[in-house]
Amino acid sequence: MQSRLPIIIFAAVMAAIPFVPGMPPFWIVLLDNIGLAALVAMGLVLLTGVGGLTSFGQAAFVGFGAYTTAVLTTSYGLSPWLTLPLSLVVSGSLAVLLGLVTVRLSGHYLPLGTLAWGLGLFYLFSKLEFLGRNDGISAIPPLSIGTFKMLSPGSIYYAIWVAVIVSALLTMNLLDSRTGRAIRALRRGHVAAEAFGVHTPRAKLLVFIHAAVLAGLSGWLYAHLQRAVNPTPFGAQAGIEYLFIAVVGGAGYVWGGVLGAAIVVVLKEVLQSYLPLILPGSGQVETIVFGIMLVALLQLAPGGLWPWLISFLPEATRGKKPDTSLKLEQRTRSPGQSSILLQVEKARKQFGGVVAVNNVSFDVQAREIVALIGPNGAGKSTTFNLITGVLSATSGSISVLGKKVDNAPPQEIVKLGISRTFQHVKLVPDMTVLENVAIGAHLRGHSGPISSMLRLDRADEAKLLAEAARQIERVGLADQMHQLAGSLSLGQQRIVEIARALCVDPMLLLLDEPAAGLRHMEKQQLAKLLRDLRDGGMSVLLVEHDMGFVMNLADRIVVLDFGTKIAEGTPATIKTNPEVIKAYLGVAA
Amino acid sequence: MNTTIMLFLVQDGITNGAIYALLGLALVLVFAVTRVILIPQGEFVTYGALTYASLAAGQMPGTAKLALALGIGAFAFDLFVARKALHGRLVVRSLLTNVVLPAIVLALTVYFAAQKPPVAVSIALSLVIVAMIGVYLYRIAFQPLAHTSVLVLLIASVGVHLALQGLGLLFFGAEGQRGPAVLSGAFTAGALRFTGQSLTVYGITIAFIVGLWLFFGLTLYGKALRATAVNRLGARLAGIRTTLSGQIAFLLASVIGALSGIMIVPITTLYYDSGFLIGLKGFVAAIIGGLVSYPLTAVAALVVGIVEAFSSFYASNYKEVIVFMLLIPVLLLRSLAAPAVEEEKD
């Protein structure tokens, strides 16, 4: 957790600025505008930088916030304070509607989709009668407390910056929590997050709503600052501008949004007021220069300015080790449970005409290490994906503890106590090992986004982190706990995945090539760990190519070739099985 | 509604749709090869159209100077990148393509602008000028960012769009312009009147679709472009120069954009900032086509054109709303049919 000190200093400086003698009133106006843009950009940081969802449509949500309060205060005479929650609700609920349509879109559809409805809504604002068409709505009452009316830019300044700082704190709290980790995992694809119970469409919708509510708040403030609204500031250009505020500042950093807003607002102002003096003549010279500077800035610092700036600061102090004495509830393991943990019966998967898995049957008993081996393309990883619900089987059935789980989504499979690692490591590289592993415990925590924002989740959170730390120590990576996962070697990253899977408190652990990229000693440690886990009551199903490793470790081996099971038995029998030898070495001479 | 009006609207829609189809194709092409969502596509349209209109009116278009300026910039970038190993051949080649060529074109433009050139010359000059702008822009703005994320490229694309739009105002002024018809004359078939201009539009669109199809299917460069689109690193390892692929993509996009502009400027008055909206409608078509499929994009573009024509007749106020909201049901369908494949992003 970062220290609060810089934020307190920042708040104090911002509070003091209006009292600086000789402060030009125009600067206060600029600061107001920076604050308004920063609110929207902050939402985009969460949406785009952290969650990986690019939206051009944020200006429309600013418009919803502004128009809601404009209509309600002028036509219905409501108090602005009453319209604040209404503005936020309108932005938020329209975000739900638009989000349901758009957030499930992958990659580049999403930004283009948001651009399209952003434009559509802009034209709607400018055509609807009750929104005043192109002229908009004027004579919006100012904010007031008692008899004090916030008429000047200097008086609403505090309302704006309190909103900015409070929103920044809430957003950072959200990111540093169980929900936040789920959000931060979104950008790297959804398979890994879903394997640990994260409901990714819901998490995406959540950030979408969060960003829209922040935009709505900005719109509400804007309406009462300008005391008039018209469609122009809510168009596609504005939507694009908010996005590049976030990117210039550093999309991925909450304060990057504020920095970006300051840079862009000030730059535009400077260009607008001074360029005509240097380059007289018609035309939008400032737009030209602005566009060129934007491209140049991106070429010099593609990650944005905030990360570039903080790279000059001394490295932040290492996070402190979580208190591992805190315990999470364990899964109840009924003593009389059937000895067959996982039963795969005639599972079949076809991709078009290709049969990847051809009527494969096998089972995994309690306290057993089963290895799934076979040449490349034998269908091992596909079998894993069938068991964990990433793919749905074409036919056949899969049961856990005697209960059929056919075609259940990954989020349900993990609840049954089956957790996995991936053949291609799926960690979030810019999160620490501890945070990555804590995603594994996602389903064992209960705090939602609201309690995370308000920091009511700390007891729950401490237990999750304690569990994560315990599993990291168990796999022997305690020294790397606070390093970024992306900085570890590939072999270590595989071990981190095992720790993450252990956080589920699983009955059955599915490991996809866990020993690949490990050195000899590390492989032995891994084998010891897996034996300990088995002796502690867990079952392991693993795919592995290192035959020495498999033969010494597994209790039983299932051999696949071209999607079909060709042999099953103890290591000793498999070694001498002619079918297996043929599959691996070709026809015996 | 009577049949005549309906036929007329359909015809109007198809003419506009053909233009959107061309732009959609260009957007798909550029995105597939370079991952750049080409917002400045609209500027290629206006630059082409207004350069053509200015030349036809005997005025000197500023775009020719811009091409030279950008060429000098591209030359400087080339020199800077190769500063550790400045081979004579490399310098000469870069100088020829980036500085000498636009200088010659500028000279020709100055020469012809003074004497109201024939239509064919105006078209040729406009296409060459905008094509050079496209290629140099790629070299200056996007090639140095080729390794970054789609988002960064997108923002850079917005920056380029802003700069080009501002320059457009500088070059062509705030007034709209119209150009002379590429092909004059007309004939009537039943209730419908076909102008030579609209026939040109159909002809060129079909020619381009077939041409692109042949280019990608049969030529080595086309295959190299497709390979780059699928896997940049793999293409490089196979010896394909990915920067060349990017330049070809931008060359095609700018030519297509300029040509679209030249085809519509005789029909509608274009302003320096008209391109953005036209380009966006090409986007709508490209998105409906899924940013991957050329035939689907072309069909979608026709639908966009026809919907636009009908909505401008029935609810002209809501024309843009309807066109852009057309996307929502499409997106909805796509999201319902969303594939469960994992996408690795960096």
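Trainee: Which residues point one way from strand 7 of chain A, and which the other way?

Mentor: I369(A), A371(A) and I373(A) go one way. V370(A) and L372(A) go the other. In a regular strand, side chains alternate between the two faces of the sheet. This is a predicted model: local features need pLDDT of at least 70, side-chain atom pairs count only at pLDDT 80 or more, and totals for chains, interfaces and linings use all residues. Residues are numbered from 1 along each chain as its sequence is written, while chains are lettered from A and ligands numbered from 1 in the order in which they are written.

Trainee: What makes strand 7 of chain A mostly covered?

Mentor: Its residues, 369-373, include 5 of 5 that are buried. Buried means 20 or more other C-beta atoms within 10 Å of a residue's own; exposed means 12 or fewer; partly exposed lies in between, with C-beta atoms placed from the backbone. Strand itself is a DSSP term: an E run of at least two residues, while a helix is an H or I run of at least four, both numbered from the N terminus.

Trainee: Which strands does strand 7 of chain A pair with, and in what sense?

Mentor: Strand 12 (residues 539-543) of chain A is a parallel partner, over 4 bridges. Strand 13 (residues 556-561) of chain A is also a parallel partner, over 4 bridges. The rule asks for at least two DSSP bridges between two strands, so both count as pairs. V370(A) is bridged to L541(A) in strand 12 of chain A. I373(A) is bridged to V559(A) in strand 13 of chain A.

Trainee: Why is K346(A) called partly exposed?

Mentor: K346(A) has 14 other C-beta atoms within 10 Å, so it is partly exposed. K346(A) sits in strand 5 (residues 340-351) of chain A. Its phi is near 50 degrees, a positive value in a residue other than glycine. Most residues other than glycine have a negative phi.

Trainee: How do you know whether E513(A) is buried or partly exposed?

Mentor: Count again: E513(A) has 18 C-beta neighbours inside 10 Å, so it is partly exposed. E513(A) lies in the loop between strand 11 (508-512) and helix 20 (520-535) of chain A. Its phi is positive too, about 50 degrees, and it is not a glycine.

Trainee: How many residues of chain A are in contact with chain B?

Mentor: 41 residues of chain A touch 43 of chain B. Contact requires C-beta atoms, placed from the backbone, within 7 Å. Helix 5 (109-127) of chain A is among the helices that each supply at least two residues to this side. Helix 5 of chain A gives the largest share, 11 residues. The side of chain A that touches chain B divides into 23 nonpolar, 15 polar and 3 charged residues. Here Ala, Val, Leu, Ile, Met, Phe, Trp, Tyr, Cys and Pro are nonpolar, Asp, Glu, Lys and Arg charged, and the others, Gly among them, polar.

Trainee: What domains does chain A have?

Mentor: Domain 1 is 2-307, domain 2 is 337-417 + 506-589, and domain 3 is 426-505. These bounds come from an automatic or database domain assignment. The C-alpha centres of domain 1 and domain 2 of chain A lie 50 Å apart. Still, 6 residues of domain 1 of chain A are in contact with 6 of domain 2 of chain A.

Trainee: Why does the radius of gyration of chain B agree with a compact globule?

Mentor: With 346 residues, such a globule would have a value near 20 Å, and chain B has 21 Å, so the two agree. The rule is 2.2 Å times the number of residues to the power 0.38, and the radius is taken over C-alpha atoms. The C-alpha trace of chain B spans about 70 × 60 × 35 Å along its principal axes. Of its 346 residues, 49% count as buried. Chain B has 14 helices and 2 strands.

Definitions and conventions. Two residues are in contact if their C-beta atoms, placed from the backbone, lie within 7 Å.
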